[in-house]
Amino acid sequence: DVASACLDSLLTFAAGAGWELSRMKEATVAAELEEFYDPLIIRSVLQAYANPVAESPSSPLPGRMWALNTTKVCVFRAEQLFAASQTWKEAEFLAQWRGCVPAGVEP
C-alpha cells in the first residue's frame, strides 16, 4: 500500500542521506518525498512510525522534528515478513528481519 511504500522511501532516503533517525526535520522529509507522495501521506507516515521531538531551548531548530519509533518500524517489518510467508525457520526470519530494518536498529 501507499503508506508502506512511503515508509520504505523515507527509510531509503534517510539511509542514503545519513539522516539522524532520532531528529528528522519534517520539512526535509517532505522535500525529499513530496515528488512521490502527497504531503498528507507523508505526515500520516511520520505520525504512525515516529514521535515528535520537542525543541530544546538551548538549541532550537525551526520546524517540526521527528524521531523514528524503531519499535513500531520493527513490528511493521515483522508483520510484512509474516504476510509474505507464514512459516519461517527462526534464524532465517531473524536474518531477513535484520536486513529490512534501518541500519543500527536491532529487532
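This briefing looks at the cysteines and at one pair of packed helices. The model is predicted, so to speak of local features requires pLDDT of at least 70, side-chain atom pairs count only at pLDDT 80 or more, and totals for chains, interfaces and linings use all residues. Residues are numbered from 1 along each chain as its sequence is written, and side-chain values use heavy atoms, leaving out hydrogens and water.

**Cysteines**

- Searching the whole structure turns up zero disulfides, a disulfide being a pair of cysteine sulfur atoms within 2.5 Å.
- For Cys6, the nearest cysteine sulfur belongs to Cys100 and lies 17 Å away.
- Cys6 has a relative accessible area of 0% and is buried (buried is under 20%, exposed over 50%, partly exposed in between, with a 1.4 Å probe and protein chains only).
- Cys100 is in no disulfide either, and its nearest cysteine sulfur, that of Cys74, is 8.4 Å away.
- With 25% relative accessibility, Cys100 is partly exposed.

**Helices α4 and α5**

- Helix α4 covers residues 70–84 and helix α5 residues 90–100; helices are DSSP runs (H or I, at least four residues), numbered from the N terminus.
- Their axes come within 10 Å and cross at roughly 130 degrees, where axes are lines fitted to C-alpha atoms over the stretch in contact and angles run from 0 to 180 degrees between N-to-C directions.
- That angle makes α4 oblique to α5, because angles under 35 degrees count as roughly parallel, over 145 as roughly antiparallel, 65 to 115 as roughly perpendicular and the rest as oblique.
- In α4, Cys74, Arg77, Ala78, Leu81 and Phe82 meet Phe93, Gln96, Trp97 and Cys100 of α5, with contact meaning heavy atoms within 4.5 Å.

Technical notes
Helix = DSSP H or I, 4+ residues; strand = E, 2+ residues; numbered from the N terminus.
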